[in-house]
Amino acid sequence: MLLAAAFAYVALIAIFTGTWLRQLRTHNAGMVDPVWAASLAGVAVLAAVLGTGATVSRVFVLVAGGLWGLRLGHHLWQRNHGQPEDPRYRQFREQWGDAANRNMFWFFQLQAVISMALSVAFFIPAFQSETPSWIALAAAIVIWLIAVIGEASADRQLRHFVADPANRGQVCRVGWWRYSRHPNYFFECVHWCAYAALSLGLPWGWLTLLPPLLIAVLLLKVSGVPMLEARLVKTRPGYGEYMRTTSALVPWPPKSSKPSSTDTTPTPPSSPSGRQS
């Protein structure tokens, strides 16, 4: 398992280095997002193919990790390709100044480290000779289906909302977005719980609890919600009221709305595409 993980890490370093070289030419770091998802799909496939564990666990990792990563990577590619650089990365460039290219390189390499930490969810079940119980397998499949279908539907709802010119600069409250400010992030966290459901009870299976905890911390405290909402609350009319009434992550019935003077202050739209998340 350690040799397979080492091989995966070297491959990720090469992939993210190539992506960094590309952004030197395009001055757009946004492609790191679809590359991150697609490369994790590749790691899942690698773990399943090289794994020495029970066949059912390896098949689950192959199908679940591969399909999840390919879907998300395709979605992020469609969202980012041909668009201006994501405001998060543009902000980094402005903050880093002359050191932007150097710091961006290490930022890209950090993605490889994070990917390997998340890949614990793939390697543990793929290399466990003990076969999981049918209850664990059924739970993993159900959790995975809920996560992927939910995330895909949230992405589709936001994409259709943004595509309507009448909604330009507005806050999306359609479908899942009525009950969570970041339903795509919620279902992303749920996805990583599928591998924990499969592995708990197996030797070292408790380690698969770390990926869902890591992705939740990253999305809620680091690069997800904080950076995104710091910008949206300043640039999107009504977003402050949306934050007060709507759950940040877990879908939940919204609170009653209370008018605020800050919600009626005219502000320009956040970006040409009007993306909310």
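1. Leaving aside neighbours within four places in sequence, A64 is in contact with W144, H191 and Y195, where contact means heavy atoms within 4.5 Å. A64 lies in helix α3, residues 55-80, and helices here are DSSP runs (H or I, at least four residues) numbered from the N terminus. A64 counts as buried because its relative accessibility is 2%, the cut-off for buried being under 20% relative accessible area with a 1.4 Å probe and protein chains only.

2. On provenance, this is a predicted model, in which local features need pLDDT of at least 70 and side-chain atom pairs count only at pLDDT 80 or more, while totals for chains, interfaces and linings use all residues. Residues are numbered from 1 along each chain as its sequence is written, and side-chain values use heavy atoms, with hydrogens and water left out.

3. D33 is found in helix α2 and is buried, with a relative accessible area of 13%. Not counting residues up to four places away in sequence, D33 touches L76, R79, N80, R88 and Y89.

4. At its start, a side-chain oxygen of D86 reaches to within 2.8 Å of the backbone nitrogen of R88, and α4 is followed by G97, whose phi is positive, near 60°.

Conventions
Helices (H or I, at least four residues) and strands (E, at least two) are DSSP runs, numbered from the N terminus. Buried means under 20% relative accessible area, exposed over 50%, partly exposed in between (1.4 Å probe, protein chains only). A polar contact is a pair of N or O atoms within 3.5 Å; within protein, one must be able to donate a hydrogen and the other to accept it, and residues adjacent in sequence count only if both atoms are side-chain atoms.
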